[in-house]
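Reader: I have a structure open on my screen and would like to learn how to read it. Could you walk me through it, feature by feature?

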Amino acid sequence: MAKEPTTNNHFIHEQYIIFNLGDEEYAIPITIVEEIVKITNLIRVPQSKSYFAGIMDIRGKVVRMIDLAKRLNIKNVNETADRAIVINIEGKSVGVIVDKVSHVVHFPANQVDPPPPSVKGISSRYITGVGKKENRFIILIDIEKILTVEEIAEMATAI
């Protein structure tokens, strides 16, 4: 069986969920997405990291919520973000707060360029590539490098 081509030592996924942070479009592989939720009853946790927005009950399960714009130091984002993408990182559910979730897109390997050195202050170590769709560039990010297992474990102890 042939292996899929790789970029940055990751398999190239073909389906991504597109979301916005400020004016920029980003994408993560749909394979790690559990669901998209409306943010309700977010409970703030005192003395936690600035990007840790708090916890939320999603159908009886406590989910840690991360403000992705703050985690990536992206300025001028919508302060009234009300959507989160719940992802699975090493068996743990984490909600990633974004400005807007738009749609799922298919990126064949020939529509993905290698990552540039940095984009809008985001280190290239978080970027797996740049997808091209309808004269737009969409930054493909490696959410598992942005939210390390250690950080997720640290957030668990804050609860």
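**A hairpin to start with**

Author: Gladly. In the hairpin formed by β3 and β4, 2 residues lie between the strands, and G22 adopts a positive phi near 65°. Please keep in mind that this is a predicted model.

Reader: How many bridges join β3 to β4, and in which sense do the two strands run?

Author: The general idea comes before the case. Strands of a sheet pair through backbone hydrogen bonds, in either a parallel or an antiparallel sense. Here β3 and β4 (residues 24-29) run antiparallel and are joined by 6 bridges.

Reader: Which strand pairs with β3 over 5 bridges?

Author: That is β10 (residues 100-106), and this pairing is antiparallel. F19 stands opposite V101 in β10.

Reader: Let me stay with N20 for a moment. Is N20 buried or exposed?

Author: N20 has 12%, so it is buried. It lies in strand β3, and 6 of the 7 residues of that strand (residues 15-21) are buried. Leaving aside neighbours within four places in sequence, N20 is in contact with E25, V98, D99 and K100.

Reader: Now the sheets. In what order do the strands of the open sheet lie?

Author: The order of its 5 strands is β5-β8-β9-β7-β6, with mixed pairing. At the edges are β5 (33-38) and β6 (52-58), each of which pairs on one side only. Neighbouring strands of this sheet are turned by 30° against each other on average, direction ignored.

Reader: What is the pairing like between β5 and β8?

Author: β5 and β8 (residues 83-89) pair in the antiparallel sense over 5 bridges. E35 has V86 as its bridge partner in β8. Elsewhere in the sheet, V94 is found in β9 (residues 92-98). V94 has a relative accessible area of 0%, so it is buried.

Reader: What should I look for in aromatic rings?

Author: A pair of aromatic rings is described by how far apart the centres are and by the angle of the planes. In this model the count comes to 2 aromatic pairs. Y16 and F107 make an edge-to-face pair, at 5.7 Å centre to centre with 65° between the planes. That pair links distant parts of the chain, as Y16 is in β3 and F107 is in the loop between β10 and β11 (112-113), 91 residues apart. Y16 counts as buried because its relative accessibility is 3%, and F107 does so at 0%.

Reader: And how are the rings of F19 and Y26 arranged?

Author: Those two are stacked, with 5.9 Å between the centres and 25° between the planes. F19 and Y26 are each buried: F19 has 1% relative accessibility, and Y26 has 1%. Y26 has its place in β4. The C-alpha atoms of Y26 and I138 are 5.3 Å apart in space, although the residues are 112 apart in sequence.

Reader: Which residue lies over the face of Y51?

Author: R71 does, at 4.9 Å from the ring centre.

Technical notes: Residues are numbered from 1 along each chain as its sequence is written. This is a predicted model: local features need pLDDT of at least 70, side-chain atom pairs count only at pLDDT 80 or more; totals for chains, interfaces and linings use all residues. Side-chain values use heavy atoms; hydrogens and water are left out. Helices (H or I, at least four residues) and strands (E, at least two) are DSSP runs, numbered from the N terminus. Buried means under 20% relative accessible area, exposed over 50%, partly exposed in between (1.4 Å probe, protein chains only). Two strands pair if DSSP finds at least two bridges between them. Axes are lines fitted to C-alpha atoms, for helices over the stretch in contact, and angles run from 0 to 180 degrees between N-to-C directions. Rings of Phe, Tyr and Trp (its six-membered ring) pair if their centres lie within 6.5 Å; planes under 30 degrees apart count as stacked, over 60 as edge-to-face and the rest as tilted. A charge sits over a ring if NZ of Lys or CZ of Arg is within 6 Å of the ring centre and within 35 degrees of the ring normal. Contact means heavy atoms within 4.5 Å.
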